[in-house]
Amino acid sequence: MIQVYCIGHRQPDTDSIASAIGYADFKNRSEPGKYLAARCGELNAESRFALERFGAQEPALVASVEPRLSDITYKPVFALPENVPTYDVAALMAKEGLRNVVITDADGKPAGMIGEHALANAYIETLHLAELAVNPVPEETLARVLNGEVVVPAHPVLEGRVYIAIDALHVTLAKMTAKDIAVVGDNEPAQLALVSAGIAALIIAEGAPVGERVKAAARQHNVSVLSTNLDAFGVGKMINLSLPAKERMETSVPVLNCSETIAKARQVVAGSKFRAACVVSPGGKLLGILTRTTLLDDVRRQVVLLDHNEASQAVPGIEEADVIGIIDHHRLGAITTLKPIRFENEPVGATSTIVARMYMESGLDPSKAVAGVLLCGILSDTLALRMSTTTHADKKAVAFLAGIAGEDYEKLGVALLEAGMDLAGVPLAELLQRDKKDFELSGKKVLIAQVMVPAFSWNRERSAAIAQELEKLRAATGNDLAFALFTNVVENASDLYGAGDAGAISALYGPELPARLDGVMSRKKDFLPVLGERLKKMGRA
């Protein structure tokens with residue numbers, strides 16, 4: 001099943017978190033498990049309070065939606081354990097038309113790869129016949145590799161040098177030890193002499209008959225006898241293929257974790273002599289093989305954006321994702337999609353209101369936990385229905401959700417605001433980062449932060465420090481202008497601080513900051529439109 005991420009904006013507020021949870025839950029009613037509530041930033045104190053109060057699960061933290069190797073559907077993996085004969089690897093490659101086969105260790109983790117180059121080396125080495133040898137290999141396996149049979153079993157496992165008896169017999173016998181293997185043809189005297197010498201095994205080539213005297217002698221001297229139709233040279237070639245795969249594999253094959261980005265994977269595969277890489281699970285188990293062909297596919301994560309519709313506010317990697325839906329209550333921003341999508345944008349106080357209306361219109365009731373979180377999302381963004389952005393739709397949604405959650409929304413609103421305004425011991429730099437958004441207005445990059453305060457005396461006592469931190473934030477983010485609204489719900493006003501071009505700020509709001517802005521509670525409705533118009537007029541002046 002393709003996972004769809006329901007995710008809010010950076011520095012998520014309570015409405016962003018709540019609407020992601022609510023929308024994912026709503027969609028999963030018809031497509032269970034497909035939609036995942038996510039976030040791309042840390043929870044603030046208010047959001048954490050809402051989740052803990054109603055026992056709701058935190059949305060998954062997603063740092064980026066840039067496609068990763070885990071998003072690729074892999075074909076069945078052709079892999080063999082490291083102790084199989086190289087012969088089996090070659091047979092698999094021939095049968096399936098493969099250029100490479102992954103070799104895994106006892107734990108199923110990739111240990112190396114055998115490709116056409118490694119197999120070519122195995123054949124080339126047969127030119128050095130004096131160096132032929134077998135590593136520990138079951139005699140039955142050796143017989144299978146030679147397309148032969150075990151005539152006299154004696155040693156379950158064979159290992160040692162291999163001699164093809166083409167020299168004078170006494171020369172060959174002088175070289176051999178009790179661990180070695182001899183290859184002979186249709187020469188019974190030579191066969192008997194080699195068996196009597198007490199070698200480990202005798203391979204009779206070219207389909208030559210194995211006489212009863214040879215069999216009896218082999219049993220007496222504990223010598224394994226194998227018979228094959230291959231000629232001596234063929235036996236030499238195939239013995240090299242009896243070596244375990246781990247002796248032939250190349251270990252320089254790249255290994256990528258499934259959490260790696262596809263962009264990085266393309267670079268790795270392009271630089272690999274295999275033109276391929278192994279993809280493993282977080283535990284190191286082999287998941288699949290990544291090739292240049294695999295990477296030709298356009299892989300994108302599917303995303304629904306909640307509580308924003310501007311790329312600058314979206315989760316990192318959004319330009320590489322497939323945005324399939326937007327649910328929002330802000331102004332239209334600059335974001336493009338690959339195809340037509342569901343786009344719901346309404347002038348209501350909170351995105352959670354839109355999600356709650358979906359439940360109401362469908363005849364479905366959210367669970368108590370989801371209803372409670374959505375209720376907090378609306379109360380947070382409308383400051384307990386006190387903000388000028390509050391609409392009849394918000395009030396209707398609050399009544400619907402409060403009934404399910406079993407809450408007095410006015411008391412919950414007060415508790416929520418108090419939780420969000422817990423400023424004790426929090427550095428100013430962190431407070432300004434908590435709820436900030438970036439905008440493009442009349443060709444200028446503008447940052448607007450908002451901090452809720454219990455009284456204006458709190459920020460007035462810190463005005464100089466606020467101005468310094470705001471300038472640091474503006475410079476660090478590369479914005480032309482930065483503003484901070486310190487908002488007091490009780491007094492229905494905000495104190496405005498600014499950083500950037502002093503002349504521009506003075507032209508916009510006068511030479512003395514902070515400035516009291518009566519009736520300004522909403523950054524979106526009360527402050528942003530006015531600022532946008534003033535910047536537009538400045539640009540024309």
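Begin by selecting the largest cavity, which holds about 630 Å³ of space, where a cavity is a set of points on a 1 Å grid over the protein atoms alone at which a 1.4 Å probe fits but cannot get out, and where a volume is the space filled by probe spheres set on grid points joined across faces, edges and corners. A search of the whole structure finds one cavity of 30 Å³ or more. Before going further, note that this is a predicted model, in which local features need pLDDT of at least 70 and side-chain atom pairs count only at pLDDT 80 or more, while totals for chains, interfaces and linings use all residues. Residues are numbered from 1 along each chain as its sequence is written, and side-chain values use heavy atoms, with hydrogens and water left out.

**The cavity lining**

Which residues lie closest to the centre of the largest cavity? Select Asp13, Asp381, Asp435, Gln450 and Arg523, which hold that position among the 36 lining residues, a lining residue being one with an atom within 4 Å of a grid point. The lining divides into 12 nonpolar, 12 polar and 12 charged residues; here Ala, Val, Leu, Ile, Met, Phe, Trp, Tyr, Cys and Pro count as nonpolar, Asp, Glu, Lys and Arg as charged, and the others, Gly among them, as polar. Colouring by element next, you will find that helix H2 (45-54), H13, helix H15 (409-420), helix H16 (428-434), strand S19 (436-441), strand S20 (444-452) and helix H20 (523-540) each supply at least two residues of this lining, with helices (H or I, at least four residues) and strands (E, at least two) taken as DSSP runs numbered from the N terminus.

**The nonpolar cores**

Now select Tyr23 and Leu401, which touch the most other members of the largest nonpolar core, a group of 42 residues. Such a core is a set of buried Ala, Val, Leu, Ile, Met, Phe, Trp, Tyr and Cys residues joined through side-chain atoms within 4.5 Å, and buried means under 20% relative accessible area, exposed over 50%, and partly exposed in between, with a 1.4 Å probe and protein chains only. Helix H13, spanning residues 368-381, gives the most to this core, with eight residues. Around Leu401, and leaving aside residues up to four places away in sequence, the contacts are Ala356, Pro366, Ala371, Leu374, Leu375 and Ile378, contact meaning heavy atoms within 4.5 Å. A second, separate core has 35 residues, including Val137, Ile181, Ile239 and Leu241.

Where do the side chains of strand S1 (residues 4-7) point? Val4 and Cys6 point one way and Tyr5 and Ile7 the other way, and all are buried. S1 pairs in the parallel sense with strand S16 (residues 302-306) over four bridges, and the bridge partner of Cys6 in S16 is Val304. Four bridges also join S1 to S2, where Tyr5 has Leu36 as its bridge partner.

**The pockets**

Next, display the largest pocket, with a volume of about 890 Å³; a pocket is an open set of points with protein on both sides within 12 Å along at least five of seven lines. Of its 28 lining residues, Arg99, Asn100, Ala276, Ile289 and Thr291 lie nearest its centre. Strand S5 (100-104), strand S6 (110-115), helix H4 (116-124) and strand S15 (286-291) give two or more residues each, and the largest share, three residues, comes from S5. By class this lining has 12 nonpolar, eight polar and eight charged residues.

While on strand S5, select Thr104, which counts as buried because its relative accessible area is 11%. Its contacts beyond four places in sequence are Ala79, Leu80, Pro81, Glu82, Lys109, Pro110, Ala111 and Leu286.

The second largest pocket holds about 300 Å³ of space, and among its 13 lining residues Ile2, Asp71, Val299, Arg300 and Arg301 lie nearest the centre.

**A last stop**

Finally, select Lys273, in the loop between helix H11 (262-270) and strand S14 (276-280). Lys273 counts as exposed because its relative accessibility is 59%, and Lys273 touches Glu250 and Ser252, not counting residues up to four places away in sequence.

Note on methods: Pairing = 2+ DSSP bridges.
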